Amino acid sequence: MLEELHFKPQELWLTWWDSARLGLQAGLTEDRLQSALSYLHESGKLLYFEDNATLKEYVFHNLTKLIDILNVFFQRDASVLFQKLMSDANVDDLRATQLHHYVEGFLLHGLLPTHVIKLLLKPHIKTQQDLQLILELLEKMGLCYCINKPKSKPLNGAPAWYTFPCYVKNEVPHAEAWINGTSLSGQSLAVEQLQIEYSFPFIFPPGLFARFSVQINSHIVHRSDGKFQIFAYRGKVPVVVSFRPSKGALQSDILSIASHASLPNIWTAWQAITPLVEELNALLQEWPGLYYTVHVLCSKCLKRGSPNPHTFPANAAGEMK
């Protein structure tokens, strides 16, 4: 009954109070409504994120329109995206050149400013509040993250920029040098390296690396992204997240989280990567039954540059799984 009532409105979302009024029509009290919305979310009938301060005030019941919005960002044809942006008849040559530049930046680096996102979503959103809510939803779903989100006040006239990790194509060679235990000059680092590897011998969940990239954004600063690598800091401690796709049927897909510190301060490296490990473990719970192993790599082997470092089961090393 509640599900049928939610399907009637044609808007993209309902406020929680609108949903509560529908719940009353179905004979549900406020506490029972919360349980009903959670059930409908788990069963894929609608989206309701009670763990998000902003999104918990809304119920996304119109999944057809939501899929239309998602399809906008999974469109990899530059000409189609450009035509969407050029739908305004008042676009002059200078503006057209700017919009073409934005499309190229999106398809190469996954970057888009909010005013361009608003143009792409023009049929679906009407106000700035609509745009902010959609962006909050897309971030929650692991599709994008804001690279210059203000801590308190809105940015002074400057547009917020969003990165869509699934479109990032550039490589980050300096991060690769770091993970191999060398500095940019090629000299060996006089530090202990800490690296945790998640090995997926059979199936690597589609889109996992991109979603993980979004989920960890609140934990890291000064990040630099590549197609399969993220180089960033947790405070002053460097961290690197890497994905190595398998090159054959007998090889595993590898996702690793690494840091380094001097031996007396190695606990800072553990502190740096622990929130990232917890985020990854939480994501992996969405694939029950998925087979994977978790190991800590031998720091001495890493320091020597061994191509096949010894591994220790993560639980035996005290890693929380």
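What share of the 321 residues in the protein is buried? Buried residues make up 45% of them. The model is predicted. The protein has 12 helices and 12 strands. Among contacts with a separation of 6 or more, 60% join residues 24 or more positions apart.

**Helix 11**

- Helix 11 has 19 residues.
- From first C-alpha to last, helix 11 reaches 27 Å, close to the 27 Å expected at 1.5 Å a residue.
- A kink of about 30° lies at isoleucine 273, shortly before proline 275.
- Both Ile273 and Pro275 are among the buried residues of helix 11.
- Other buried residues here include Ala269, Leu276, Glu279 and Asn281.
- The cover over the buried residues includes strand 6 (192-200), strand 8 (229-234), strand 9 (237-244) and strand 10 (253-261).
- Helix 10 (208-215) is also part of that cover.

- Leucine 99 sits in helix 6 (residues 93-109).
- Leucine 99 counts as buried because its relative accessibility is 0%.
- Beyond its neighbours within four places in sequence, leucine 99 is in contact with Phe82, Leu85, Met86, Val91 and Leu119.
- Take phenylalanine 82: 17 residues separate it from leucine 99 in sequence, and the two C-alpha atoms are 7.1 Å apart.

**Salt bridges**

- The whole structure holds 4 salt bridges.
- One of them joins aspartate 51 and lysine 140, with the closest N and O atoms 2.9 Å apart.
- This pair links distant parts of the chain, 89 residues apart: aspartate 51 is in the loop between helix 3 (30-42) and strand 2 (58-59), and lysine 140 is in helix 8 (residues 128-140).
- Aspartate 51 is exposed, at 60% relative accessibility, while lysine 140 is partly exposed, at 26%.
- Arginine 211 and glutamate 286 also form a salt bridge, 2.8 Å from N to O.
- That pair, too, links distant parts of the chain, with arginine 211 in helix 10 and glutamate 286 in the loop between helix 11 and strand 11, 75 residues apart.
- Arginine 211 is partly exposed, at 21%, and glutamate 286 is partly exposed, at 45%.
- Aspartate 225 forms a salt bridge with arginine 223, and their closest N and O atoms are 2.7 Å apart.
- Aspartate 225 and arginine 223 are both buried.

**A nonpolar surface patch**

- Phe202, Ile203 and Tyr291 make a nonpolar surface patch of about 390 Å².
- Tyrosine 291 lies in the loop between helix 11 (266-284) and strand 11 (293-297).
- Tyrosine 291 counts as partly exposed because its relative accessibility is 47%.

Notes:
Residues are numbered from 1 along each chain as its sequence is written. This is a predicted model: local features need pLDDT of at least 70, side-chain atom pairs count only at pLDDT 80 or more; totals for chains, interfaces and linings use all residues. Side-chain values use heavy atoms; hydrogens and water are left out. Patches are made of residues with over 30% relative accessible area and no salt bridge: like charges are joined within 9 Å, nonpolar side chains (Val, Leu, Ile, Met, Phe, Trp, Tyr) within 5 Å. Accessible areas come from the Shrake-Rupley method with a 1.4 Å probe; for residues, only the protein chains shown count as cover. A salt bridge is a side-chain nitrogen of Lys or Arg within 4 Å of a carboxyl oxygen of Asp or Glu. Helices (H or I, at least four residues) and strands (E, at least two) are DSSP runs, numbered from the N terminus. Buried means under 20% relative accessible area, exposed over 50%, partly exposed in between (1.4 Å probe, protein chains only). Contact means heavy atoms within 4.5 Å. The expected span of a helix is 1.5 Å times one less than its number of residues. The bend at a residue is the angle between axes fitted to the seven residues ending there and the seven starting there.
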